[in-house]
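Try each task before reading its solution.

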Amino acid sequence: MAALTLGAQGTPALGAVGMTGAGTTGLSSTGAPRPADWRALADGLEGRIIRPGDAAYDGARKLFNPAFDAVRPAGVAYCANPSDVAECVGFARRLNLPLAVRSGGHSYAGWSTGTGLVLDVSRMSTVRHASGRATVGAGAKLIDVYDRLAASGVSIPAGTCATVGVSGLALGGGIGVVSRKYGLTCDVMESVQIVTADGKLLTCDANHNADLYWASRGGGGGNLGVAVSFGFRTHPTREVTVFFLHWPWSRAVRALRAWQAWAPSAPDAMWSGMHLSRNGATDVEVVGLYLGGRAGCERLLDRLADAAGSPSSSSVRQTSYRQAMLIMAGCGSLSVSQCHLGGSLPGQTRGGRLSRDTFKAKSHMAYRPLSEAGAKALVAQVARPGEHTVLLDALGGAVARVRPDATAFPHRAALYSVQYYAHRSGAASWARTAHATMRPHFGDHAYVNYIDPELKGWRAAYYGGNAARLAQIKSARDPGRLFRLPQGI
């Protein structure tokens, strides 16, 4: 395998892996890869290629969502290092082979798989901390990032889904439970290493390859290259308070309007989300985390209760930051090792107890509060038959203090995100109807990390005024469009 020798700014120096990668020598130049081509690629990797017919193939090809189980890649490459990534990029470019990039495998549209080569970065999952900075491999799962950084008494702002890969989250923005205090995941990204379409490994930060650095903070995964490592600014951790409040469905409209007035303007230390659910019975829940003690948290929750009415049940408790991340992930009674997917899926731990989930989802970004009529319309959609949830995550605070064009993530003025998440039979129909019903109330703003293959006007919805600059960077950095998604910039 060729070694990747880096120049001063992260570009491979003369003699390193170049346009095609050392392992691609002798490839056929046109048509589908031959068996000899796949063998040549495998010989050039430190990692492993899984092909149809291999014993591990059935697990290797699957994503988090079983809805995409019918997709059968021609190969899945488990890359062990950036040089492996460069080899795979050169292989796909030389043979004009469709290339999909996978970190956690949670792409809502299933675009982390395909019929060509799936480039999996899950083995590049090292997490290190030194001097207030975390270096995190692109394949690290969020629960492992939290766990390993906790040993140093620090963390980064990130999401709640335990098995999501840090790469996809950060590249699309990264809304999480401490974003109102510390910003989005992309806001604390100080650098990112990317293998671009020409096979070069670039270090991107404010002073080097600044265009790619800007685009990597909210421009979405799979658009400009393959991220292999991140440098994040960390924050110190302390004990926090987590809470769960419930109201009867008869007070859903009142609770919704009270929450949306309270949550985005609460002190930065307070994050909360509202879940309006139907799973047999209907439910109104506010879940949250306060970066402080229980007494201070309860004083702030009293303000919500004054407007929404007293909750029918509540749970408020102080705990360690690490345990709070497990609780927010739905793993409060599990160990970190258990808080992974079970079965034979790639990149998971032995003893994982989490299950895959068949779902359909759409999103909005709420730039203004819902009116009474809007709140009633949303509650009515949730009350329809089926198994579904509308999840509202509070923004504001530190997120709103960044200019919309400072990073590729444009939704700095949004009050909260809205996700329509439906399960099993009828999921797609419910999500479409709910989304269409709420469009007059929320407008045409959407979150790229909840990518929606049916969304019209997606460029403006995901990227707003940043879309044109992203397109210019794409043209300069990937003129041949090696990285091409159905909704690719």
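**Exercise 1. Surface.** This is a predicted model. State the accessible surface of the chain and the share that belongs to carbon and sulfur atoms.

Solution. The accessible surface comes to about 18,300 Å². Carbon and sulfur atoms hold 50% of that surface. Buried means under 20% relative accessible area. By that cut-off, 59% of the 489 residues are buried.

**Exercise 2. Overall form.** Decide what the radius of gyration says about the chain.

Solution. A compact globule of 489 residues would have a radius of gyration near 23 Å. The chain has 22 Å, so the value agrees with a compact globule. Next, take the extents. The C-alpha trace spans about 70 × 50 × 45 Å along its principal axes. Then count the elements: 14 helices and 18 strands. Finally, check the contacts. Of those with a separation of 6 or more, 73% join residues 24 or more positions apart.

**Exercise 3. The core.** Find the residues with the most contacts inside the largest nonpolar core.

Solution. That core has 147 residues. Phe230, Phe232 and Trp259 have the most contacts inside it. Helix α8, residues 252–262, gives the core its largest share, 7 residues. Now look around Phe230. Leaving out residues up to four places away in sequence, Phe230 touches Val136, Val166, Leu171 and Met189, among others. Another core lies apart, with 8 residues, including Ala162 and Cys339.

**Exercise 4. Charges.** Locate the mean positions of the two kinds of charge relative to each other.

Solution. Count 51 positive and 32 negative charges. Their mean positions are 2 Å apart.

Note on methods: Residues are numbered from 1 along each chain as its sequence is written. This is a predicted model: local features need pLDDT of at least 70, side-chain atom pairs count only at pLDDT 80 or more; totals for chains, interfaces and linings use all residues. Side-chain values use heavy atoms; hydrogens and water are left out. Helices (H or I, at least four residues) and strands (E, at least two) are DSSP runs, numbered from the N terminus. The radius of gyration is taken over C-alpha atoms; the globule rule is 2.2 Å times the number of residues to the power 0.38. Buried means under 20% relative accessible area, exposed over 50%, partly exposed in between (1.4 Å probe, protein chains only). Contact means heavy atoms within 4.5 Å. Accessible areas come from the Shrake-Rupley method with a 1.4 Å probe; for residues, only the protein chains shown count as cover. Lys and Arg count as positive and Asp and Glu as negative; His and the chain ends are not counted. The place of a charge is taken as NZ of Lys, CZ of Arg, CG of Asp or CD of Glu. A nonpolar core is a set of buried Ala, Val, Leu, Ile, Met, Phe, Trp, Tyr and Cys residues joined through side-chain atoms within 4.5 Å.
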